[in-house]
Amino acid sequence: MQRWEYKVVSLRDQQYTAALNEFGGEGWELVSVVSEPLAATSPEGRRTFPMPRALGRLEEAADKLTKLGAADPAGEAAADATSRLLWVFRRPLSDD
């Protein structure tokens with residue numbers, strides 16, 4: 001019976017092709033890509049529970065006003081991320 005070794009990683013943006021080629025060269029096969037929700041954080045940086053949409057609108061509006069003068073739009077987009085992609089790989093285990 002074939003046995004497998006698995007690896008789950010989160011790849012950096014714009015590095016997908018290089019990382020996939022590297023994993024493939026090491027014998028890893030891409031099995032799946034799944035989305036993992038990230039924990040919400042408060043403006044002070046503390047983790048919070050996700051807030052229902054109707055109740056979260058005031059907090060969301062305040063966050064947008066705070067970020068209005070942000071100098072780095074790319075950094076703002078990363079801060080607004082609610083999930084990240086996890087790449088699932090596998091490769092056969094040797095029968096040693």
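A salt bridge here is a side-chain nitrogen of Lys or Arg within 4 Å of a carboxyl oxygen of Asp or Glu. By that rule, the side chains of arginine 84 and glutamate 36 pair up at 2.6 Å, N to O. Strands (E, at least two residues) are DSSP runs, numbered from the N terminus.

A quick word on the basis: this is a predicted model, where local features need pLDDT of at least 70, side-chain atom pairs count only at pLDDT 80 or more, and totals for chains, interfaces and linings use all residues. Residues are numbered from 1 along each chain as its sequence is written, and side-chain values use heavy atoms, leaving out hydrogens and water.

The structure holds 3 salt bridges, listed here:

| Arginine | Glutamate | N to O distance |
|---|---|---|
| arginine 84 | glutamate 36 | 2.6 Å |
| arginine 91 | glutamate 5 | 3.0 Å |
| arginine 90 | glutamate 29 | 3.5 Å |

Arginine 91 belongs to strand E5 (residues 83–92) and glutamate 5 to strand E1 (residues 4–9), so their contact ties together parts 86 residues apart in sequence. With arginine 90 in strand E5 and glutamate 29 in strand E2 (residues 29–37), that pair bridges 61 residues of sequence.

How about solvent? Arginine 84 is partly exposed at 38% relative accessible area (partly exposed lies between buried, under 20%, and exposed, over 50%, with a 1.4 Å probe and protein chains only). Arginine 91 comes in at 25% and glutamate 5 at 30%, while arginine 90 has 22% and glutamate 29 has 38%.

Key: Helix = DSSP H or I, 4+ residues; strand = E, 2+ residues; numbered from the N terminus.
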